[in-house]
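This briefing concerns aromatic ring pairs and nonpolar cores. Please consult the structure shown below alongside the points that follow.

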Amino acid sequence: LPDGRVLITTRTGKVYLYDRINNNRKGLALDLGKKCCSNGSERGLLSAVVHPDFGKKNNYVYLYYVRSNLKKNSCELFRETKDLNSPADRVSRFILSDDGKLHSEKVLLETGPVGTMHNGGDMSFDSDGYLWITTGDGH
């Protein structure tokens, strides 16, 4: 972050805030919990990026994760490829508040359903402020 703090993510859907200037871990900013499908080696919280105007015009943090099965709140994949309740790639915007917590999830994009392999993904802002998202082939 521009002020010297760092967001540390885990594959299981946890986001920690760390103050590298004062060498101080601020604690848990967000736990996606069962919303994040993180079983296996290729699912979970895949990417995080902050808005180019973070700290100036907004406090937006974007997360890319595989969301869990909507019916069972698990990573269970329905074999019917058209079942939109199965795990899916999700890109959401959160707000980092002054108390160091991420809140107010706004889902921006959701693909689906995804398989158990090749669930890679990344995000980046370009010089014009557009958010670019890459995905795996998720089979």
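Tyrosine 62 counts as buried because its relative accessibility is 7%, where buried means under 20% relative accessible area, exposed over 50% and partly exposed in between (1.4 Å probe, protein chains only). The model is predicted: local features need pLDDT of at least 70, side-chain atom pairs count only at pLDDT 80 or more, and totals for chains, interfaces and linings use all residues. Residues are numbered from 1 along each chain as its sequence is written, and side-chain values use heavy atoms, with hydrogens and water left out.

**Aromatic pairs**
- Tyrosine 62 forms an edge-to-face pair with phenylalanine 125, at 5.4 Å centre to centre and 70 degrees between the planes; rings of Phe, Tyr and Trp (its six-membered ring) pair if their centres lie within 6.5 Å, with planes under 30 degrees apart stacked, over 60 edge-to-face and the rest tilted.
- This pair joins strand β5 (residues 60-67) to strand β8 (residues 121-125), across 63 residues; strands (E, at least two residues) are DSSP runs numbered from the N terminus.
- Ring pairs link Tyr60, Tyr62 and Phe125 into a cluster.
- Tyrosine 60 is partly exposed, at 23% relative accessible area.

**Nonpolar cores**
- The largest nonpolar core has 13 residues, and Val15, Leu30, Leu63 and Leu102 have the most contacts inside it; such a core is a set of buried Ala, Val, Leu, Ile, Met, Phe, Trp, Tyr and Cys residues joined through side-chain atoms within 4.5 Å.
- β5 supplies the largest share of this core, 3 residues.
- A second, separate core of 10 residues includes Tyr64 and Phe125.

Notes
Helices (H or I, at least four residues) and strands (E, at least two) are DSSP runs, numbered from the N terminus.
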